[in-house]
Amino acid sequence: MGGDDVARSRIPQLRLDELLEELQARIDAARGTRDRVHSLLEAVLSVGRELDLTQVLRRIVEAAAVLVDARYAALGVIGPGGESLSEFLTVGMSAEEIAGIGSYPTGKGLLGELISHPEALRLEDLSQHRASFGYPANHPPMRTFLGVPVRVREEVFGNLYLTDKRGGEEFDADDESVISTLAVAAGVAIDNARLYEEAQRQQSWLSASAEITRSLLSGSSRAQVVELIAQRAREITGAELGDIVVPEADGRTLRLELALGGDARKRAGLVVPREGTLSGAACTHGRPVTTADLATDPALTGDPRRVERLGPAVAVPMGRAEGHTDAVLLLARRPGGALFTEREIGPLLGFADQAALGLELADRRRDAEQLALLEDRDRIARDLHDLAIQRLFATGMTLQSAARFIDHPGASDRVLRAVGDLDETIKIIRSTIFGLRARDGAAGNGLRARAVKVVEEAQAALGFAPRLSMEGLLDTDVPGGVADHVVAVLGEALSNAARHAHAGRVEVVLQATGTQVLLTVQDDGVGIPEQGRRSGLRNLAERAEGLGGVLELASPPHGGTRLLWSAPLGD
């Protein structure tokens with residue numbers, strides 16, 4: 001057989017080899033497609049199984065990187081306003097590499113291209129794109145790029161970014177198709193996770209409202225309920241700080257009724273202006289107000305809480321009836337935390353309204369209890385006046401009349417002393433009656449009530465309760481200016497008795513005779529030392545002289561000190 005015959009016999013064998021190779025290639029391609037579809041289905045099922053939104057997002061990024069064999073993958077979540085990224089999840093870099101790069105991107109340059117133009121983008125070399133302007137320090141080099149938007153109910157939720165296909169290959173149309181399919185499934189999974197998260201949050205708000213209601217019904221104080229409101233709001237929203245402020249009477253400032261989280265001790269009782277504060281804006285406008293960064297927002301320069309370096313914050317009014325805000329709840333997260341969105345603010349506002357209603361009911365119940373207490377005290381005072389005093393007075397009159405018929409001098413003196421004791425007892429009971437009616441602000445601005453308050457406050461320093469009796473029309477006959485001096489003198493006299501007298505008994509008598517007001521403070525202490533400091537007594541004397549009155553000091557025979565301070569009441 002010649003050479004030509006041998007060559008011709010080999011041609012069919014070569015063609016058969018080529019056909020077999022092509023068939024094998026197609027089988028491999030079909031197998032690869034099958035494997036890829038299988039991987040895609042597994043990825044879709046894996047993403048769909050999760051209900052926690054953070055885990056869903058993490059699974060999406062991981063699945064995307066595996067499906068197209070990318071070295072690096074990321075998911076950027078678009079924040080409120082749709083102009084920047086609020087979250088950025090990455091795969092392919094270690095924690096050390098991420099820390100070395102610094103803060104996460106916010107959506108500038110090439111990443112922002114997909115935000116402004118939410119369409120799939122494939123690049124052979126991302127550095128050649130017009131929107132690319134290089135990498136930050138310590139950022140690994142990247143060449144090939146594939147970006148696909150993720151939509152949730154026709155709204156762009158974020159973007160998937162994939163770079164550096166392994167083996168040095170470029171991302172192709174199949175890669176784009178696979179990632180686009182994953183993005184559709186991811187949108188459904190994200191929507192489900194959001195719905196589940198909202199349902200869980202709503203359940204948490206309902207549970208918190210029920211807990212507050214139970215606390216109110218069990219008789220908890222306003223302070224306890226206010227703390228419960230702020231604590232539950234912090235827990236549900238993941239806030240670092242929770243403050244409740246109430247408007248002051250001047251209309252220009254707000255006072256912190258409760259401070260939780262952060263440096264709560266420094267904020268306790270803090271008074272902040274309405275102008276230039278987040279709480280003030282919510283109080284003034286009667287609606288929730290948010291900020292992306294409480295520490296640096298230029299509109300909040302008046303807020304002293306800026307020094308705590310907090311991030312996103314929201315202020316929600318509580319009780320917005322007829323244009324009036326009863327209180328404001330402020331919640332703030334750590335720097336870099338998620339912004340407060342409408343999805344959170346809506347339930348939070350509903351919770352705040354219910355909490356405000358609960359506080360109003362608690363205040364009404366407290367007022368009702370206070371009214372019942374005052375009515376009970378009035379009844380006791382009325383009974384003391386109508387029964388006890390009248391009987392004692394009648395007894396005294398009887399004894400006084402009977403004394404005329406007693407011939408024995410000793411017996412007559414005893415009866416007359418008993419009459420005097422009855423008169424003194426009547427004075428004490430009358431003082432008790434006025435004390436009952438003046439307590440808890442029933443007559444809070446009158447001289448009687450103020451005197452009772454000063455005497456009660458002195459009890460802690462003295463170690464015992466001073467005895468107080470009052471006579472005359474103290475609340476009507478004594479002018480306000482004179483009453484201020486009386487209260488100041490009484491406070492100074494009791495303070496001196498506590499610091500210097502070492503007394504075991506103090507008696508206070510306050511009288512309005514119609515022409516003058518008389519204050520007597522007597523103790524059984526060591527008396528006034530000859531060389532002691534007398535600046536306090538000099539002040540009392542000057543007060544009396546300024547009103548045309550006098551200050552007299554005496555040492556009773558049985559020891560101690562008697563201070564008599566008087567001032568005329570005028571015509």
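This is a predicted model: local features need pLDDT of at least 70, side-chain atom pairs count only at pLDDT 80 or more; totals for chains, interfaces and linings use all residues.
Next up is a helix pair. The axes of α2 (residues 53-67) and α5 (residues 173-217) come within 9 Å and cross at roughly 170 degrees. With angles over 145 degrees counted as roughly antiparallel, α2 and α5 are therefore roughly antiparallel to each other. On the α2 side, the contact residues include Leu53, Val56, Leu57 and Ile60; on the α5 side, Val178, Ile179, Leu182, Arg194 and Glu197 are among them. By class, the contact of α2 with α5 has 14 nonpolar residues, two charged and no polar.

As for aromatic rings, three pairs turn up. Phe145 and Tyr161 have ring centres 6.3 Å apart and planes at 35 degrees, so this pair is tilted. Phe145 belongs to strand β4 and Tyr161 to strand β5, so the pair ties together parts 16 residues apart in sequence. Both count as buried, Phe145 at 2% relative accessibility and Tyr161 at 4%. Ring pairs also bring in Phe88, which forms a cluster with Phe145 and Tyr161.

Trp205 and Phe351 are likewise tilted, since their ring centres are 4.8 Å apart and their planes at 40 degrees. Trp205 lies in α5 and Phe351 in helix α9 (residues 342-403), so this pair ties together parts 146 residues apart in sequence. Trp205 is buried at 3% relative accessible area, and Phe351 is buried at 2%.

Methods. Residues are numbered from 1 along each chain as its sequence is written. Side-chain values use heavy atoms; hydrogens and water are left out. Axes are lines fitted to C-alpha atoms, for helices over the stretch in contact, and angles run from 0 to 180 degrees between N-to-C directions. Helices (H or I, at least four residues) and strands (E, at least two) are DSSP runs, numbered from the N terminus. Angles under 35 degrees count as roughly parallel, over 145 as roughly antiparallel, 65 to 115 as roughly perpendicular and the rest as oblique. Contact means heavy atoms within 4.5 Å. Ala, Val, Leu, Ile, Met, Phe, Trp, Tyr, Cys and Pro count as nonpolar, Asp, Glu, Lys and Arg as charged, and the others, Gly among them, as polar. Rings of Phe, Tyr and Trp (its six-membered ring) pair if their centres lie within 6.5 Å; planes under 30 degrees apart count as stacked, over 60 as edge-to-face and the rest as tilted. Buried means under 20% relative accessible area, exposed over 50%, partly exposed in between (1.4 Å probe, protein chains only).
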